[in-house]
Amino acid sequence: MKSFIDKTIKPFLTIAGLFTCMAGLYAFLPQFTVENIAKLPFAVDYTIFVQHWGMMVLLVGIFMIISAVKVAWRIPVLIYSAIEKAFMVFLYLFNAGRPFSAGFQGAAIMDGVIVIYLLLYFWTLREKERN
């Protein structure tokens, strides 16, 4: 498993980071993104919250991309990313029966894949420390 992670960590973080950055659309085009990507009605009262969330996730994606090449950033960025993404998956699963959850299915699947990979990454680090 270590060999697989060692060979794939840089491209994985770059690609996962780019996909994560797509949430930045919520920061800059909140109404368009909510209505066309999440397929939810846009509530103008939540514009600031939507934009703030979009910027935070955009930054997570940028930091993931940076951590692909700047190894010193990797551990803190990936711990934060794993927690944030695992919580997104939890929220999706917890609300899966509600109509509004359908707009978050793609993000939940993507985040689930990223969380699984990051758990494998942390497991290989732990194994490396043991040896």
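A helix here is a DSSP run of H or I at least four residues long, and helices are numbered from the N terminus. By that rule Leu 91 sits in helix H5. Keep in mind that this is a predicted model.

**The overall picture**

The chain has six helices and zero strands, so going by the DSSP runs its elements read α-α-α-α-α-α from the N terminus on. Taken along the principal axes, the C-alpha atoms fill a box of roughly 55 × 30 × 20 Å. Of the 131 residues, 38% are buried. Among contacts with a separation of 6 or more, 69% join residues 24 or more positions apart.

How confident is the predictor? The mean pLDDT of the chain is 95, and 98% of the residues reach 70 or more. Among the elements, H2 has the highest mean pLDDT, at 98, while H6 has the lowest, at 92.

H4 covers residues 47-69. Its 23 residues should span 33 Å at 1.5 Å a residue, and the end C-alpha atoms are 34 Å apart, which agrees. The buried residues of H4 include Val 50, Gly 54, Val 57, Leu 58, Gly 61, Met 64 and Ala 68. A bit of helix geometry is handy for reading that list: an α-helix has 3.6 residues a turn, so residues three or four places apart point the same way. And what do the buried residues of H4 pack against? Their partners are H1 (2-21), H2 (24-28), H3, H5 (71-94) and H6 (105-130).

In soluble globular proteins, nonpolar side chains tend to be buried together. In this chain the largest nonpolar core has 15 residues, and those with the most contacts inside it are Phe 12, Leu 13, Met 64, Leu 78, Ile 114, Tyr 117 and Leu 118. H1, H4, H5 and H6 each supply at least two of the core residues, with H1 giving the most, at five. Apart from this core lies another one, of eight residues, with Ala 23, Tyr 26, Ala 38 and Phe 42 among them.

Leaving out residues up to four places away in sequence, Leu 13 touches Met 64, Ile 65, Ser 67, Ala 68, Arg 74, Leu 78 and Leu 118. The C-alpha atoms of Leu 13 and Phe 63 are 9.3 Å apart, although 50 residues separate the two along the chain.

Leu 78 can be looked at the same way. Setting aside its neighbours within four places in sequence, Leu 78 is in contact with Leu 13, Ser 67, Leu 118, Tyr 121 and Phe 122.

**The largest pocket**

Rolling a probe the size of a water molecule over the atoms shows where empty space is left. The largest pocket has a volume of about 630 Å³. Which residues lie nearest its centre? They are Leu 40, Phe 49, Trp 53, Phe 100 and Phe 104, out of 20 residues that line the pocket. Both H4 and H5 supply at least two lining residues, and the largest share, five residues, comes from H5.

| Residue | Relative accessibility | State |
|---|---|---|
| Gly 112 | 18% | buried |
| Leu 91 | 33% | partly exposed |
| Lys 39 | 60% | exposed |

Gly 112 is in H6. Gly 112 counts as buried because its 18% is under the 20% cut-off.

Leu 91, back in H5, pairs up with Ser 101: they are ten residues apart along the chain, and their C-alpha atoms are separated by 8.9 Å.

Finally, Lys 39. It lies in the loop between H3 (30-36) and H4, and it is exposed because 60% is over the 50% cut-off. What is the phi of Lys 39? It is positive, about 55°, although Lys 39 is not a glycine. For background, most residues other than glycine have a negative phi.

Conventions
Residues numbered from 1 in each chain as written. Predicted model: local features only at pLDDT ≥ 70, side-chain atom pairs only at ≥ 80, totals over all residues. Heavy atoms only, no water. Buried < 20%, exposed > 50% of the residue type's maximum accessible area, 1.4 Å probe, protein only. Expected span 1.5 Å × (residues − 1). Contact = heavy atoms within 4.5 Å. pLDDT = per-residue confidence, 0-100. Core = buried A, V, L, I, M, F, W, Y, C linked by side-chain atoms within 4.5 Å. 1 Å grid on protein atoms, 1.4 Å probe; cavity = no way out; pocket = protein on both sides within 12 Å on 5 of 7 lines; lining within 4 Å. Points joined across faces, edges and corners; volume = space filled by probe spheres on them.
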